[in-house]
Amino acid sequence: MQDLGNTRYFKVETDKTTVKEILAEVYSALTEKGYNPVNQIVGYIMSGDPTYITSYRNARSLIMKVERDELVEEMLTEYIRSSHWK
């Protein structure tokens, strides 16, 4: 019989991949397959339809791990940073 009087601890492994890394990987996969990565990513963000993203190199699964608003936030933040607005 199990001892239910003690607390058991367990650690859940989480994926530490950043939004930036996911976008870079998806961009690379789309480019390798001959797609226009900007058009495809915008199509995905606007529609939510994952078929805009190739399944090549697991890109579709990767991008679906991130909320679309997080993708927009990351891209806008990087654009502002590179434009020296901040």
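1. Salt bridges. The count of salt bridges comes to 4, a salt bridge being a side-chain nitrogen of Lys or Arg within 4 Å of a carboxyl oxygen of Asp or Glu. Side chains of opposite charge can pair when their charged atoms come close.

2. Basis of the note. The model is predicted: local features need pLDDT of at least 70, side-chain atom pairs count only at pLDDT 80 or more, and totals for chains, interfaces and linings use all residues. Residues are numbered from 1 along each chain as its sequence is written, and side-chain values use heavy atoms, with hydrogens and water left out.

3. Overall fold. The chain contains 4 helices and 0 strands, and its pattern along the sequence reads α-α-α-α. Helices (H or I, at least four residues) and strands (E, at least two) are DSSP runs, numbered from the N terminus. Of the 86 residues, 22% count as buried; buried means under 20% relative accessible area, exposed over 50%, and partly exposed in between (1.4 Å probe, protein chains only). Among contacts with a separation of 6 or more, 47% are between residues 24 or more positions apart, where contact means heavy atoms within 4.5 Å.

4. Glu25 and its salt bridge. Which residue forms a salt bridge with Glu25? The partner is Arg57, with the closest N and O atoms 2.5 Å apart. This pair links distant parts of the chain, since Glu25 belongs to helix H1 and Arg57 to the loop between H2 and helix H3 (59–63), 32 residues apart. The two side chains are also joined by a polar contact of 2.5 Å, defined as a pair of N or O atoms within 3.5 Å; within protein, one must be able to donate a hydrogen and the other to accept it, and residues adjacent in sequence count only if both atoms are side-chain atoms.

5. Surroundings of Glu25. Leaving aside residues up to four places away in sequence, Glu25 touches Arg57 and Leu62. The C-alpha atoms of Glu25 and Ala59 are separated by 6.9 Å, although these residues are 34 residues apart along the chain. Glu25 has a relative accessible area of 26%, and therefore counts as partly exposed.

6. Arg57 and Glu32. Arg57 also meets Glu32 in a salt bridge (2.2 Å, N to O). Glu32 lies in helix H1 and Arg57 in the loop between H2 and H3, so this pair ties together parts 25 residues apart in sequence. Both residues are partly exposed: the relative accessible area is 46% for Glu32 and 31% for Arg57. The backbone of Arg57 deserves a look as well, with phi near 55°, a positive value in a residue other than glycine.

7. Arg81 and Glu78 form a salt bridge (2.9 Å, N to O). Both lie in helix H4, 3 residues apart, which is about one turn of the helix. Salt bridges that share partners join Lys20, Glu78 and Arg81 into one network. Glu78 is partly exposed because its relative accessibility is 28%.

8. The largest pocket. Rolling a probe the size of a water molecule over the atoms shows where empty space is left. The largest pocket has a volume of about 240 Å³. On a 1 Å grid over the protein atoms alone, where a 1.4 Å probe fits, a pocket is an open set of points with protein on both sides within 12 Å along at least five of seven lines, and lining residues have an atom within 4 Å of a point. Grid points are joined across faces, edges and corners, and the volume is the space filled by probe spheres set on the points.

9. Lining of that pocket. Helix H1 (19–32), helix H2 (37–47) and helix H4 (68–82) each supply at least two lining residues. The lining includes Lys20, Tyr27, Pro37, Met75 and Glu78. By class it has 8 nonpolar, no polar and 3 charged residues, with Ala, Val, Leu, Ile, Met, Phe, Trp, Tyr, Cys and Pro counted as nonpolar, Asp, Glu, Lys and Arg as charged, and the others, Gly among them, as polar.

10. Two further residues. Gln40 touches Leu30, Tyr35, Tyr52 and Ile53, not counting residues up to four places away in sequence. His84, in the segment after H4, is exposed at a relative accessible area of 66%. The phi of His84 is near 60°, a positive value in a residue other than glycine.
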